[in-house]
Amino acid sequence: MERFIEDALSEWMKGEGPDSDIVISSRIRLARNLTNYPFPMLATNQQSEQVLGKVSDVIHAEDLKMLSHFERIPLSEINELESKVLVEKHLISPNLAEESRNGAVILSENESISIMINEEDHIRIQCLFPGFQINEAYELANQIDDIFEEKLNYAFDEKRGYLTSCPTNVGTGIRASVMLHLPALVLTQQINRILTAVSQVGLAVRGLYGEGSESLGNLFQISNQITLGQSESEIIHNLYSVVKQIIEHERSARAKMLTESRTFLIDRVNRSYGTLSYAAIMDSKEAAQRLSDVRLGIDLELISNVSANVLNELMIMTQPGFLQQYAGKKLSTNERDVTRADMIRERITT
Amino acid sequence: MICQECGEKPATLHFTKIVNGEKTEFHLCESCAREKGDSIPGAPNGFSIHNLLSGILEFEPAMGQNIKQQKKVIRCENCGLTYSQFRKIGRFGCSSCYNHFSGQLDPLLKRVHGNSVHVGKIPIKSGGKIQFKRQIKDLKKELQSKIDHEEFEEAARLRDEIRDLEQKISEV
């Protein structure tokens with residue numbers, strides 16, 4: 001339990017995935033509900049307690065144990081700061097952290113599997129993989145889904161599919177998403193054109209932390225919008241082929257910049273590296289931008305003395321919840337900016 | 001541009017509200033936007049898919065439906081949620097809502113997904129029958145095309161296959 005909160009980088013993130021110079025992670029989320037219980041929004045305390053119990057019991061299923069050791073963390077047993085850290089690691093949703101009643105999360109040892117209970121739906125199965133492995137993530141999520149279905153009674157309708165609290169998830173209940181680092185497309189101002197095109201083929205684009213926030217550090221999350229009337233494989237294939245094209249565009253933009261504006265690039269990534277190495281005050285927005293520059297520098301082999309893993313780690317560790325966990329107390333915005341700079345200096349220069 | 005609320009941090013959220021031709025602009029930093037979140041769509045935490053959905057749903061009376069019919073209260077008998085409550089919050093109360101509101105759902109789901117019928121995964125345990133039914137439907141289509149092309153040997157094989165499946169359904 002402590003490890004989930006203290007380590008910034010989930011075990012799964014330390015692995016290399018395909019196309020990991022551009023794709024940070026691939027994620028599948030399946031929304032499922034139990035029949036005979038109201039959705040969490042309308043469930044009484046007693047009902048949501050029963051749902052929690054039933055879903056938690058599946059943790060003892062032999063098939064599940066064969067995949068990994070799992071640990072269950074009820075949200076009531078951790079404090080606000082700790083749940084914030086889990087949000088920043090993408091292991092739980094802000095919604096589960098802030099609004100759930102009898103909410104809990106079941107985490108696998110390497111944190112690549114997280115199963116949320118009593119979020120907007122009774123069950124949300126999530127699988128996270130490093131790099132571009134959306135098919136692999138679906139296979140695992142599908143396997144877990146089968147194990148849960150064997151032990152529980154899912155709300156399923158022949159016509160509408162898996163029934164969910166929100167009509168935007170009904171049908172397959174699937175949300176497939178890919179987190180991309182697209183600095184060259186942003187720098188060459190091609191990003192808006194591409195993102196507009198993406199949204200026209202039924203996919204959604206979001207900033208780093210999901211709904212509502214602007215993109216920080218050139219990170220974009222692309223996911224499917226449609227969950228009904230298409231099969232899981234169609235949905236994933238559609239996302240896969242669009243992302244594949246974006247990766248190609250980003251690669252060629254990087255290659256072009258490297259030949260046409262090499263000096264500009266070297267100047268930019270090293271300035272950011274210098275700032276991160278020496279600054280004493282760093283707000284989250286600047287940190288995100290500078291870390292993005294350095295990451296680009298590493299990917300293009302312009303910077304060699306920092307590892308990509310340190311960058312991944314810092315992207316998580318410089319978020320407010322983690323900083324405060326690290327400091328061991330609540331911090332004001334100004335204090336956070338100082339702690340953030342300290343932490344970055346420490347990690348990036350060793 | 002500096003945040004108009006705290007006057008300190010740079011504004012990262014720009015929002016223009018036009019109500020009845022009256023224009024109001026907001027330029028806020030992230031933390032101030034978070035505080036004002038409820039009143040400003042697009043602010044972090046303030047604007048969710050549910051707001052958007054209820055927006056879509058609110059337009060329904062204008063879609064040519066009988067106004068009188070709209071006034072009749074449609075209620076889910078299982079959880080008690082009314083259709084107008086659903087329209088407001090954009091979320092169902094329980095899985096039975098799908099049945100009780102079924103008359104209203106097709107246009108909504110088509111607007112959201114471009115479709116209203118599930119074609120994806122079917123659960124193994126509770127969906128055994130449905131799986132067979134879907135197979136039969138596909139086979140019948142194939143059978144018709146074989147007959148159209150006068151491939152009667154193939155058609156006979158398909159007919160037997162369909163019969164087997166129908167037998168299985170009655171056993172489930």
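## Basis

In this predicted model, local features need pLDDT of at least 70 and side-chain atom pairs count only at pLDDT 80 or more, while totals for chains, interfaces and linings use all residues. Residues are numbered from 1 along each chain as its sequence is written, chains are lettered from A and ligands numbered from 1 in the order in which they are written, and side-chain values use heavy atoms, with hydrogens and water left out.

## Nonpolar cores

A nonpolar core is a set of buried Ala, Val, Leu, Ile, Met, Phe, Trp, Tyr and Cys residues joined through side-chain atoms within 4.5 Å. Buried means under 20% relative accessible area, exposed means over 50%, and partly exposed lies in between (1.4 Å probe, protein chains only). The largest core holds 110 residues, and those touching the most other members are A:Ile28, A:Ile115, A:Ile123, A:Ile144, A:Phe148, A:Leu180 and A:Ile246. Helix α10 of chain A (residues 232–260) supplies the largest share of this core, 9 residues. Helices (H or I, at least four residues) and strands (E, at least two) are DSSP runs, numbered from the N terminus. A second, separate core has 17 residues, including A:Val170, B:Cys94, B:Leu105 and B:Leu109. In soluble globular proteins, nonpolar side chains tend to be buried together.

Contact means heavy atoms within 4.5 Å. With neighbours within four places in sequence left aside, the contacts of A:Ile123 are A:Leu30, A:Ala31, A:Arg32, A:Leu34, A:Val55, A:Ile115, A:Met116, A:Phe148, A:Leu152 and A:Tyr154.

## Strand β5 of chain A

Strand β5 of chain A (residues 123–130) is largely enclosed by the rest of the structure, because 8 of its 8 residues are buried. One side carries A:Ile123, A:Ile125, A:Cys127 and A:Phe129, the other A:Arg124, A:Gln126, A:Leu128 and A:Pro130, and both faces are covered.

Two strands pair if DSSP finds at least two bridges between them. Strand β1 of chain A (residues 23–32) runs antiparallel to β5(A) and is joined to β5(A) by 8 bridges, with A:Leu30 opposite A:Ile125. Strand β4 of chain A (residues 113–117) is also antiparallel to β5(A), with 5 bridges; here A:Met116 has A:Arg124 as its bridge partner. β4(A) and β5(A) form a hairpin with 5 residues between them, and A:Asn118 in the turn has a positive phi of about 60°.

## Strand β8 of chain A

Strand β8 of chain A (residues 174–181) has 8 of 8 residues buried, so it is largely enclosed by the rest of the structure. A:Ile174, A:Ala176, A:Val178 and A:Leu180 point one way, and A:Arg175, A:Ser177, A:Met179 and A:His181 point the other way.

β1(A) and β8(A) run antiparallel and are joined by 7 bridges, with A:Val23 standing opposite A:Leu180. β8(A) and β10(A) are antiparallel too, with 5 bridges, and A:Met179 has A:Gln221 in β10(A) as its bridge partner.

## Second largest pocket

On a 1 Å grid over the protein atoms alone, a pocket is an open set of points with protein on both sides within 12 Å along at least five of seven lines, for a 1.4 Å probe; lining residues have an atom within 4 Å of a point. The second largest pocket contains about 240 Å³ of space, a volume being the space filled by probe spheres set on the points, with grid points joined across faces, edges and corners.

Its lining consists of A:Glu158, B:Val117, B:His118, B:Val119, B:Ile130, B:Lys133, B:Arg134, B:Lys137, B:Asp138 and B:Lys141. By class there are 3 nonpolar, 1 polar and 6 charged residues. Ala, Val, Leu, Ile, Met, Phe, Trp, Tyr, Cys and Pro count as nonpolar, Asp, Glu, Lys and Arg as charged, and the others, Gly among them, as polar.

## Chain B

Chain B has 8 helices and 2 strands, in the order β-β-α-α-α-α-α-α-α-α from the N terminus. Of its 172 residues, 34% count as buried.

## Loop residues

A:Gln189, in the loop between α8 (183–187) and α9 (191–200) of chain A, has a positive phi near 55° and counts as exposed at 70% relative accessibility. B:Glu150 has a positive phi of about 60°; this residue is in the loop between α7 (128–148) and α8 (152–171) of chain B.

A:Gln230 lies in the loop between β10 (219–224) and α10 of chain A and counts as partly exposed at 24% relative accessibility. Neighbours within four places aside, A:Gln230 is in contact with A:Thr172, A:Ile235, B:Val119 and B:Gly120.
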